[in-house]
Amino acid sequence: MTTEAPHVPLPLPSPIRIGLSRGALELKSFFREKDAVVFTFSLPVIMLVIFGMIFEGDVAGTGVDFRQYFAAGIIASGVMSTTFVNLGIAIAQERDDGTLKRLYGTPLPHVAYFLGKTISALVLSVLETAILFVIGGMLFGLRPPSTPERWLTFAWVFVAGVAVCTLLGIAMSSVPRTGRGAPAALNLPYLILQFISGVFFIFGTLPAGIQQTGALFPLKWLAQGLRSALLPDTLLAAEPGRGWEHGRTALVLTAWGIAGLALCLTTFRWQRRRDR
Amino acid sequence: MRDMNDMAVRVRGLRKRYGGIDAVGGVDLDIPRGEVFSLLGPNGAGKTTTVEILEGHRARTAGEVSVLGVDPGRPTRGWRARLGIVPQTSNEQPELTVREMVGHFAGYYPRPRGVDEVIDAVGLTEQAGSRLTRLSGGQRRRVDVALGIVGRPELLFLDEPTTGFDPDARRRFWTLIESLAGGGTTILLTTHYLDEAETLADRVGVIVAGRVVEIGTPDQLGGRAAATARVGWLGPEGRQYIETDNPTQVVAELSRKFDGEVPELTVTRPTLEDVYLSMIGAQR
């Protein structure tokens, strides 16, 4: 081996570069794990297909096919699944198997680790959404946004949704005591939110108390924002606010984003509990 | 007296308390730059806790600690870039090849070693294109070592690095550590294998129940060099032994008595293992 030179401070590689490299590594590793790929992408697709077969008819008084309403909700739910649920479980397992501990012992900037996770979550969410679009389009005529304005709405709602759910997934990964407890800890809030956020049921038809509870959490706003980009304005007759409430959507998602970031920075654990 | 700047590790009164019990109860330790220092001790003695405090993985309850001149309680990236850590256990299952993994970690450091050079040094050239999930336990361990040295560390922590190695792999690992030490890397090694400590370490420290009970060179530890020797041979009535402080004289006398060759002659002193076992036994 080469002789050691005395310590001279050298510039460290940039966090952005390392973050990009981590994102690429995460994706490479993910796509080589066939089981994970199949299950990650198939769950929302199966839900879309089964619910599409069960339900029929229009959302009352709007002329909008209920299955399209439902498809927008499943896209929102798919984003939360690939980011919040999968990410939270994966990080809890990385904490258990020593991945995080090893990384903590290197000069990896912590922000680069989170950046890598965000990049991989974003790429997977885009793929997931594209698959849902294709299947939703074939089965019940779901169409991409119809105007540049609607594309813009779709883009910012989607990116904000991915960012918020990623941050909350990272934060939630510190809650279960072990990696084995992680799937339950992440799936429980996900499942409940799907029921109260207008994914499985039309939001406007839910009892007032449930609507108010659902409106406290980001999934409701993500689903509503996506409906505003994908479905015609005639649907507004069925929306409780009688408007798309973009301002409020941005506000709630930003608030959750800040809360998620604060939680990540203050509560993230690189060690198993018993190792401290 | 050595200058403090010559010390890679300096520890005074280190204490770590878990729920009212001192896991580490006042450890003092100096490791000069360039030394290979081995920490020995039974399971639960506080070895790993001590090492993980030095690595910046655990917080300490009390005491002064300086590692490469930095308090590991406040780790920085610049400091981390000068350390290499081979943790005790790792169970990651990334679907990545050895070369991808080592190459990726090299990107964290300002002045990494060549990826192929490192893979070759740990003897994984043939497996460089294999995924980690396909490697044997010993090969996985060598990946751990590769990740620990790829950043060209000034100080390398090795926590039970050869657990699960076959004897041949262990020998080759020792050669690697000797070459790193020859290049000036300071090494802190914890191990359960006393032959490993004896081969590699300039000095060993024995830690029992959270305290360092003795520090010395492997051949001096526990008064080993001055210990009574035991001369054995095959006499007319079977195997015989004499405990003596003058083994040379005893052998000379035996040689005269047998008129030349002494049958099945042995001269032994306590091994490092004998000394170590009596040391940890006395402390328990």
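The contact between the two chains takes 30 residues from chain A and 32 residues from chain B, where two residues are in contact if their C-beta atoms, placed from the backbone, lie within 7 Å. This is a predicted model, in which local features need pLDDT of at least 70, side-chain atom pairs count only at pLDDT 80 or more, and totals for chains, interfaces and linings use all residues. Residues are numbered from 1 along each chain as its sequence is written, while chains are lettered from A and ligands numbered from 1 in the order in which they are written.

On the side of chain A that touches chain B, α1 (15-32) and α4 (99-104) of chain A each supply at least two residues. Helices (H or I, at least four residues) and strands (E, at least two) are DSSP runs, numbered from the N terminus. The most comes from α1(A), with six residues.

Helix α1(A) has 18 residues and reaches 26 Å from its first C-alpha to its last, close to the 26 Å expected at 1.5 Å a residue; the expected span is 1.5 Å times one less than the number of residues. Its buried residues are Ile18(A), Gly19(A), Arg22(A), Gly23(A), Glu26(A) and Ser29(A). They cover an arc of only 145° around the axis, which puts them on the same side of α1(A); the arc is that of the directions from the helix axis to the C-beta atoms. Ile16(A) and Arg17(A), on the other side of α1(A), are exposed. A residue is buried if 20 or more other C-beta atoms lie within 10 Å of its own, exposed if 12 or fewer, and partly exposed in between, with C-beta atoms placed from the backbone. The buried residues of α1(A) pack against α5 (110-140) of chain A.

In chain B, five of the five residues of strand β3 (residues 36-40) are buried, so β3(B) is largely enclosed by the rest of the structure. Val36(B), Ser38(B) and Leu40(B) lie on one side, and Phe37(B) and Leu39(B) on the other. Two strands pair if DSSP finds at least two bridges between them. The table lists pairings in chain B.

| Strands | Sense | Bridges | One bridge |
|---|---|---|---|
| β3(B) and β7(B) (residues 186-190) | parallel | four bridges | Ser38(B) with Leu189(B) |
| β3(B) and β8(B) (residues 203-208) | parallel | four bridges | Ser38(B) with Val204(B) |
| β10(B) (residues 229-235) and β12(B) | antiparallel | three bridges | Gly232(B) with Thr266(B) |

An open sheet of three strands in chain B has the order β11-β10-β12, with antiparallel pairing. Its edge strands are β11 (238-244) and β12 (266-268) of chain B, each pairing on one side only.
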